[in-house]
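Subject: Handover of a structure and its findings

Dear colleague,

Please find below the structure that I am handing over to you. My notes on it follow directly after.

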Amino acid sequence: MTRSFTYAALPMRVVFGADSLSSLPTEISALGFERVLVLCGPRQEALGKQIVATLGDRAVGILPEAVMHVPAAVAARAVDVASQLGADSCLAVGGGSSIGLGKAVAKELGLPVVAVPTTYAGSEMTPVWGLTTNGVKRTGRDSRVLPVSVIYDPSLTVSMPASLSVTSGFNAIAHAVEGLYAPDASPIVSLMAVEGATSLATALPGVASDISDLSARSTALYGAWLCGAVLGATTMSLHHKLCHALGGTLNLPHAETHTVVLPHVLAFNAPAAPAAVAALSRAFDCSDPARYLFDLADSLGAPGSLAELGMAFADIDRVADAVAESSYANPRPASRNEIAALLRAAWEGALN
Ligand code: NAD
């Protein structure tokens, strides 16, 4: 076998560890930021205010208005607030929605973002922004939106309920799975994918049985970091295209949709991605990684079907058409009928 690949490292700092949030003031000083705007969702407002207090006069304000998929109006407001306050940087604390809002400000004003993730979604490791206008979400890559520093503190994740922890973990595993068969996969990124998927699959049962287990939380967040790095370094395929279409057209919940769809896409792609299947089989110590993920999600009480998430059977054709008409990378070409069949299986929750 001859190897051929391109690898570009993304420039960022990662500070990882329980209580690493306490290093935030030092981190902000080292970066030279003096006017930090804190961005978070309404449910993270208390944590956001705690960060504002910790930063003292280096924080210029807080905007607790982040919501899923970065509506353009919310992004515009954050840009206005950052401009009016003369912010020199944003600190986004929360899940992908908060970090997405920080990226929207970075895209518009060029302000650097520091991220403090509290879920496993992985946005903090990518230069990908998203913006939703009139129900249509656009995404793009821009190196300015990649956070300059990321503080991973597992103790901030213990407040995630078991259900969100599990589905958010599967959301992260999906990045690893698709990174392994990505057209731009490379050896170091594949190592991160395997380590990330292994860490999450190992940690999630412990997290689900005791959400305050800091050791399991640490392993899960470590896995989420690696899976996020894979997402930032590779081109995602059919799975992400399907989840994007399901979320965009039907407003299905992000992490739950990833959890339901992933085993079906992996089973479909498996014949065309033997190296990825071999790597995942070793990672999960199993012979069929799609079945393994399906059973793991089920054993952890995750939703098992798109029907359970509220999708109407009649919508299968609409989503299949939208995906078939779009372009995306995938190791196995998928016809419109194959996509519809995959969606039907995911809708029923029956892995073929
Ligand atoms: P989210 O940020 O909306 O969080 C989900 C829910 O969990 C919210 O209600 C939030 O308040 C709550 N929450 C967050 N952290 C919590 C905690 N520690 N304890 C209790 N509750 C908590 O959702 P998400 O799944 O983190 O991110 C999904 C969004 O991020 C989507 O819009 C997705 O498209 C985007 N995303 C973007 C990228 C990228 O590279 N651009 C990557 C991954 C996800």
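Tyrosine 292 is partly exposed because its relative accessibility is 24%; buried means under 20% relative accessible area, exposed over 50%, and partly exposed in between, with a 1.4 Å probe and protein chains only. Phenylalanine 284 is buried, at 5%. The ring centres of phenylalanine 284 and tyrosine 292 lie 4.7 Å apart with the planes at 10°, so this pair is stacked. Rings of Phe, Tyr and Trp (its six-membered ring) pair if their centres lie within 6.5 Å; planes under 30 degrees apart count as stacked, over 60 as edge-to-face and the rest as tilted.

The model is predicted: local features need pLDDT of at least 70 and side-chain atom pairs count only at pLDDT 80 or more, while totals for chains, interfaces and linings use all residues. Residues are numbered from 1 along each chain as its sequence is written, and side-chain values use heavy atoms, with hydrogens and water left out.

The count of aromatic pairs comes to five. One of them joins phenylalanine 16 and tyrosine 152, a tilted pair with 5.8 Å from centre to centre and 40° between the planes. Phenylalanine 16 belongs to strand E1 (residues 13-16) and tyrosine 152 to strand E8 (residues 149-152), so the pair ties together parts that are 136 residues apart in sequence. Helices (H or I, at least four residues) and strands (E, at least two) are DSSP runs, numbered from the N terminus. Phenylalanine 16 is partly exposed at 31%, whereas tyrosine 152 is buried at 0%. Phe16 and Tyr152 form one aromatic cluster with Tyr222 and Trp225.

Turning to the strands, E2 (residues 36-39) is covered on both faces: Val36 and Val38 are buried on one side, and Leu37 and Leu39 on the other. Strand E2 pairs in the parallel sense with strand E3 (residues 59-63) over four bridges; two strands pair if DSSP finds at least two bridges between them. Valine 38 has isoleucine 62 as its bridge partner in E3. Strand E4 (residues 89-94) also runs parallel to E2, joined by four bridges, and there valine 38 stands opposite leucine 91.

Finally, the cysteines. The whole structure holds zero disulfides, a disulfide being a pair of cysteine sulfur atoms within 2.5 Å. The sulfur of cysteine 243 is 15 Å from the closest cysteine sulfur, that of cysteine 227, which is too far for a bond. Cysteine 243 is buried, at 7% relative accessibility.

With kind regards
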